[in-house]
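User: I would like to learn how to read a protein model step by step. Could the discussion begin with a single residue and then move to the whole chain?

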Amino acid sequence: MGHFKKLKAWEHARTLAIMSKPLIARLPAEERSGLADQWRRAAASVVLNIAEGASRGGTKEFRKHLGIARASLDEIEAIIDLAMGLSYLTKEEVGKVMAVRDECARTVFGLMRKLSEAVQ
């Protein structure tokens, strides 16, 4: 598949992780070991699973890691939704991060679909 840094999905995932950091820091202290840690881990998981999957030898392994990345993207969406529901963050504050998350999810899904077609 080539080097992971050449993948748009990885670029979007990296941007998402970096953009998430200041929002995570804005969560209240009582959420440091809850939502904050979970968001941080999920964001890192997306970046790392795309990198690891691209570095694996086969298409099946890459798809598996992309599936994990996609699940982590859904987890980030749920965490942000919960943070907004609890009035920790506003829709305006998370707008740019959600746009990057959405683009990353579309890119990961497209890559998964492309890999599925290559196997058939």
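User: Is serine 87 buried or exposed?

Analyst: The general idea is to compare relative accessibility with a cut-off: a residue counts as exposed over 50%. In this predicted model, serine 87 has a relative accessibility of 63% and therefore counts as exposed. Serine 87 lies in the loop between helix 3 and helix 4 (91-119). Its phi is near 65°, a positive value in a residue other than glycine.

User: At what angle do helix 2 and helix 3 pack?

Analyst: One reads the angle between the N-to-C directions of the two axes, and angles over 145 degrees count as roughly antiparallel. Helix 2 (residues 32-55) and helix 3 (residues 59-85) pack at about 160°, their axes being 8 Å apart. The two helices are therefore roughly antiparallel to each other, and their crossing is left-handed.

User: Which residues make the contact between helix 2 and helix 3?

Analyst: Among them are Leu35, Trp39 and Ile50 of helix 2, with Phe62, Leu66 and Ile79 of helix 3. Sorted by class, this contact has 16 nonpolar, 6 polar and 2 charged residues.

User: Which elements make up the whole protein, and in what order do they run?

Analyst: The protein has 4 helices and 0 strands, in the order α-α-α-α from the N terminus. Its radius of gyration is 15 Å, close to the 14 Å that the globule rule gives for 120 residues, so the protein is as compact as a globular protein of that length. The C-alpha trace spans about 45 × 25 × 20 Å along its principal axes. Buried residues make up 39% of the 120 residues.

Key. Residues numbered from 1 in each chain as written. Predicted model: local features only at pLDDT ≥ 70, side-chain atom pairs only at ≥ 80, totals over all residues. Heavy atoms only, no water. Axes fitted to C-alpha atoms, helices over the stretch in contact; angles between N-to-C directions. Parallel < 35°, antiparallel > 145°, perpendicular 65-115°, else oblique. Left-handed = near helix turned anticlockwise from the far one by under 90°. Contact = heavy atoms within 4.5 Å. Nonpolar A, V, L, I, M, F, W, Y, C, P; charged D, E, K, R; others polar. Buried < 20%, exposed > 50% of the residue type's maximum accessible area, 1.4 Å probe, protein only. Rg over C-alpha atoms; globule rule 2.2 N^0.38 Å.
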